[in-house]
Amino acid sequence: MKIISKMGKEYATVEECLAAEKEYDDAVVAKKVEEKALAERKAKNEAMIAERKNAAAKVEEKRQALIEAQKAYKEELSKFCSKYGAYHYTVKGGEDSWFNLFDNFFDNFWF
């Protein structure tokens with residue numbers, strides 16, 4: 001007597017057939033679990049990419065605003081210097097200090 005499994009293979013005993021079917025079912029379940037985990041990792045990765053892209057767009061927007069502000073500053077400074085001569089100001093280390101740019105730069109790196 002031949003035993004035929006649901007995969008279409010022939011076996012000599014019922015036990016062999018049941019063991020093979022269980023192994024096949026376990027493999028199918030494992031494959032589904034792996035596919036689900038892969039899909040979750042892919043979705044998480046895509047979400048991280050989208051989040052990074054949005055954050056980069058915000059940074060770029062602020063950079064463009066800084067460039068425009070620098071252009072406006074240079075224009076006003078040029079007008080002032082053309083009309084009144086040199087422009088002088090005192091830096092006291094507050095928020096207006098250019099050194100804050102360096103402080104922020106070095107705070108972001110570990111030496």
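Guide: Begin with what counts as a helix: helices are DSSP runs of H or I with at least four residues, numbered from the N terminus. This is a predicted model, and in it helix α1 covers residues 14-84. Tyr73 has its place in that helix.

Visitor: How many helices and strands does the chain have, and what pattern do they follow along the sequence?

Guide: The chain has 2 helices and 2 strands. Read along the sequence, the pattern is β-β-α-α.

Visitor: What percentage of the residues is buried?

Guide: Buried means under 20% relative accessible area. Of the 111 residues in the chain, 6% are buried. The chain exposes about 10600 Å², and carbon and sulfur atoms supply 60% of that area.

Visitor: And what do the contacts show, among residues at least 6 apart in sequence?

Guide: Of those contacts, 0% join residues at least 24 apart.

Visitor: Which residues make the nonpolar surface patch?

Guide: Tyr73, Phe80, Tyr84, Tyr87 and Tyr89 make a patch of about 540 Å². A patch residue needs over 30% relative accessible area and no salt bridge. Tyr73 has a relative accessible area of 43% and is partly exposed, so its accessibility is over the 30% cut-off.

Visitor: Next, salt bridges. What is the general idea?

Guide: Side chains of opposite charge can pair when their charged atoms come close. The rule used here asks for a side-chain nitrogen of Lys or Arg within 4 Å of a carboxyl oxygen of Asp or Glu. By this rule the count is 4 salt bridges.

Visitor: How far apart are the closest N and O atoms of Lys22 and Asp26, and why can these two residues meet?

Guide: The closest N and O atoms of Lys22 and Asp26 are 3.1 Å apart. The two residues are 4 apart in helix α1, so about one helical turn separates them. Lys22 is exposed at 52% relative accessibility, whereas Asp26 is partly exposed at 40%.

Visitor: Which residue forms a salt bridge with Arg63?

Guide: The partner of Arg63 is Glu60, with the closest N and O atoms 2.9 Å apart. These residues are 3 apart in helix α1, again about one helical turn. Arg63 is partly exposed at 40%, and Glu60 is partly exposed at 35%.

Visitor: Where do Glu76 and Lys79 lie?

Guide: Both lie in helix α1, 3 residues apart, about one turn of the helix. Glu76 is partly exposed at 49%, while Lys79 is exposed at 52%.

Notes: Residues numbered from 1 in each chain as written. Predicted model: local features only at pLDDT ≥ 70, side-chain atom pairs only at ≥ 80, totals over all residues. Heavy atoms only, no water. Patch = residues over 30% accessible without salt bridge, like charges linked within 9 Å, V, L, I, M, F, W, Y side chains within 5 Å. Areas by Shrake-Rupley, 256 points an atom, 1.4 Å probe, with all protein chains shown as cover. Buried < 20%, exposed > 50% of the residue type's maximum accessible area, 1.4 Å probe, protein only. Contact = heavy atoms within 4.5 Å.
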